[in-house]
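Please walk me through this model in the viewer, one selection at a time. I would like to know what to pick at each stop and what is found there.

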Amino acid sequence: MTTSAKPDSPTPAAPTVPPALRIAGLSHTHQANAGPLEALSNIHLDVAPGEFVVIVGPSGCGKSTLLSLVAGLETPTSGTLEAAGKPITGPGRDRILMFQEGALFPWLSAQANVEFGLKGTGLSRRKRRERAKGYLNLVQLEEFAQAHAHELSGGMKQRVALARALALQPELLLMDEPFAALDAQTRDAMLALVQKLWAQQRHTTLFVTHNVREAACLGDRVIVLSHRPGTIKASFRITAPRPRNIEDPLVIEAARLIKNALVEELDWLRLPR
Ligand code: ADP
Ligand code: MG
């Protein structure tokens, strides 16, 4: 029987093309007020160009810390991070991080929010305007280009945030539970949109979620982190055909396998299986 999720083996990279992201022996300890707090331990992960990798793990296992390290917002305690073969030493426009709350400027229109993100890229004002318009069209918000954040629904705000991130044409798109605050229907529409855009543009993506169905719906690979300090507990390659829907039997089956790996990590909470 074929299954939609298989235990993972590393993606064989062409020898001349470095991985879009290489994480080697990464550990990180936060210096918290209460003392040092080990968030991640000995993470090894290669992400191939154009690949969509999803990270799942229990709350507090270091998922956001991992994205923050890849974004260059924090420096790892040990180990190395490389983007397209170059060491990550700080933030860069090649790696864009998108959060649960889109963090739009409320006093700017949707169009101006996307344009603002393009400041400092060297594009002329006219080019910035054109590019922002193009990406708002891509996320199907052309009619709301002049609307302000308070006039937009939660899903629309996240679409603006997605347009703003993609307009920068990053080498690596980092998404930290971007749909966690949305209602189920809006979330499903966003999953369809993200898959459509990824099929068109193939931007390498590292996506964090605690929702196993969402993970199985989106990922080429799904990486399961252990309870803190986060280590890679399991890794699955998802082979279900795309575009996927959260209700597809193969997605449900893959999600079940991922959940089995995750539930072992939740045992410390004595949650029912
Ligand atoms: P997740 O995103 O998986 O829920 P986080 O990466 O946010 O987990 O956090 C991992 C652990 O590190 C948690 O125990 C959290 O409290 C702690 N932590 C995160 N950021 C900081 C920080 N800046 N300073 C101190 N502790 C932190
Ligand atoms: Mg988090």
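In which crossing, left-handed or right-handed, does α2 pass α4? Select the two helices and look along the line from one to the other: α2 passes α4 in a right-handed crossing. Bear in mind throughout that this is a predicted model.

**Stop 1: α2 and α4**

Keep α2 selected together with α4, residues 154-167. Their axes are 8 Å apart and meet at an angle of about 30°. Angles under 35 degrees count as roughly parallel, and α2 and α4 are therefore roughly parallel to each other. Now show side chains. From α2, pick A110, N113, V114 and G117; the residues they meet in α4 are V160, A163, R164 and A167. Coloured by class, this contact of α2 with α4 shows five nonpolar residues, two polar and one charged.

**Stop 2: α2 and α3**

The crossing of α2 past α3 is right-handed. On the α2 side, select A110, Q111, V114 and E115; on the α3 side, select R128, R129, A132, K133 and L136. By class, the contact of α2 with α3 consists of four nonpolar, one polar and four charged residues. A110 and V114 of α2 take part here, and A110 and V114 also belong to the contact with α4.

**Stop 3**

Follow the chain into the loop between α3 and α4 and select Q140. Q140 is a residue other than glycine with a positive phi, near 60°.

**Stop 4: the two domains**

Zoom out and colour by domain. Domain 1 is made of 1-6, 46-73, 89-94 and 175-268, while domain 2 is 102-169. The centres of domain 1 and domain 2, taken over C-alpha atoms, are separated by 25 Å. To display the contact, 13 residues from domain 1 and 14 residues from domain 2 are needed. About 1100 Å² is buried between the two domains, and carbon and sulfur atoms give 67% of that area. Which residues in domain 1 lose the most area to domain 2? Select R93, L193 and L197: together they account for 45% of what the domain 1 side buries.

**Stop 5: two cis peptide bonds**

The peptide bond that joins R228 and P229 is cis, with omega about -5°. Then move to the loop between β11 and α7 (249-266) and select P243. A cis peptide bond joins R242 and P243, with omega of about -5°.

Key:
Residues numbered from 1 in each chain as written. Chains lettered and ligands numbered in written order. Predicted model: local features only at pLDDT ≥ 70, side-chain atom pairs only at ≥ 80, totals over all residues. Heavy atoms only, no water. Left-handed = near helix turned anticlockwise from the far one by under 90°. Helix = DSSP H or I, 4+ residues; strand = E, 2+ residues; numbered from the N terminus. Contact = heavy atoms within 4.5 Å. Nonpolar A, V, L, I, M, F, W, Y, C, P; charged D, E, K, R; others polar. Domains from an automatic or database assignment. Buried area = accessible area lost by both parts, 1.4 Å probe. Axes fitted to C-alpha atoms, helices over the stretch in contact; angles between N-to-C directions. Parallel < 35°, antiparallel > 145°, perpendicular 65-115°, else oblique.
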